[in-house]
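Dear colleague,

Here is the structure I promised to pass on.

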2 protein chains.
Amino acid sequence: MTSYVSHTTVDSVDAYTMSRWWQTVLDYAEDPDDPGHEECMIYSRDRRHRLLFIEVPDAKQIKNRIHLDLRPAEGTRDAELSRLTGLGATVVADRRNPDGTGWVVLADPEGNEFCILRSEDEVAAHRP
Amino acid sequence: MTSYVSHTTVDSVDAYTMSRWWQTVLDYAEDPDDPGHEECMIYSRDRRHRLLFIEVPDAKQIKNRIHLDLRPAEGTRDAELSRLTGLGATVVADRRNPDGTGWVVLADPEGNEFCILRSEDEVAAHRP
């Protein structure tokens, strides 16, 4: 026996706004069966990864122990960083190194930390 | 431009032990390139979902705002619940209903909440 990950759930003050924000970040689709806006499921175009935003009464307090790590689907980490901050993400910690490696820790509009890593092309270009 | 989710990262007091525990829960493989045990990546057999356990100095304090929702790959929710508690998961909240719907909130060995939902077959069997 085993289990598989059906989806990842994110506690939210405003589930609908959060789901829309992450839809734009990840180019995800919205679940057409979603009956309301207190629980909002979005999923990748191949339907293999899903995020569910559910409303809770409490706002975020301390650093999350679980976070998402993103890579640019095309382009570079730094171009994607500009896009994400343009969407309203805030920079929590800049872990980029002078040699081009590293990542940036961001926070979404409700303060959930996530990281933007280098693209696979950037990682490959840096290998010796 | 867009980003995709490379992996989900879980802060851990003991990353290696946690990665081994979740490997058993999800039947994931361990990354053979993993150089040590302070950062442990595990991934699904089709390599499409990956979990990274990284060591942090602080233990879990409050309820996580992000959690994984699992379904049994075969068998039933209740059989899988028995397997998971047998592995050391603890029951946080039993949300099962008398009509067979619902789920159970569990915690992994470091206290991270996750849910076990009904299998897809169980959900389908309950549809009118």
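Two strands are said to pair if DSSP finds at least two bridges between them. In this model, which is predicted, strand E1 (residues 3-12) of chain A and E5(B) pair in the antiparallel sense, over 7 bridges. Within that pairing, A:Val5 has B:Leu70 of E5(B) as its bridge partner.

As for the interface as a whole, 47 residues of chain B are in contact with 47 residues of chain A, and the area buried between the two chains comes to about 4300 Å², with carbon and sulfur atoms giving 50% of it. On the side of chain B, the residues that lose the most area to chain A are B:Met1, B:Arg65 and B:Ile66, which together make up 22% of what that side buries.

Which elements give two or more residues to the side of chain B that touches chain A? They are strand E1 (3-12), helix H1 (15-26), strand E5 (66-72) and helix H2 (77-87) of chain B, and E1(B) gives the most, with 10 residues. By residue type, that side of chain B divides into 19 nonpolar, 13 polar and 15 charged residues.

With best wishes

Notes:
Residues are numbered from 1 along each chain as its sequence is written. Chains are lettered from A and ligands numbered from 1 in the order in which they are written. This is a predicted model: local features need pLDDT of at least 70, side-chain atom pairs count only at pLDDT 80 or more; totals for chains, interfaces and linings use all residues. Side-chain values use heavy atoms; hydrogens and water are left out. Contact means heavy atoms within 4.5 Å. Buried area is the accessible area (1.4 Å probe) that two parts lose on being put together, summed over both. Helices (H or I, at least four residues) and strands (E, at least two) are DSSP runs, numbered from the N terminus. Ala, Val, Leu, Ile, Met, Phe, Trp, Tyr, Cys and Pro count as nonpolar, Asp, Glu, Lys and Arg as charged, and the others, Gly among them, as polar.
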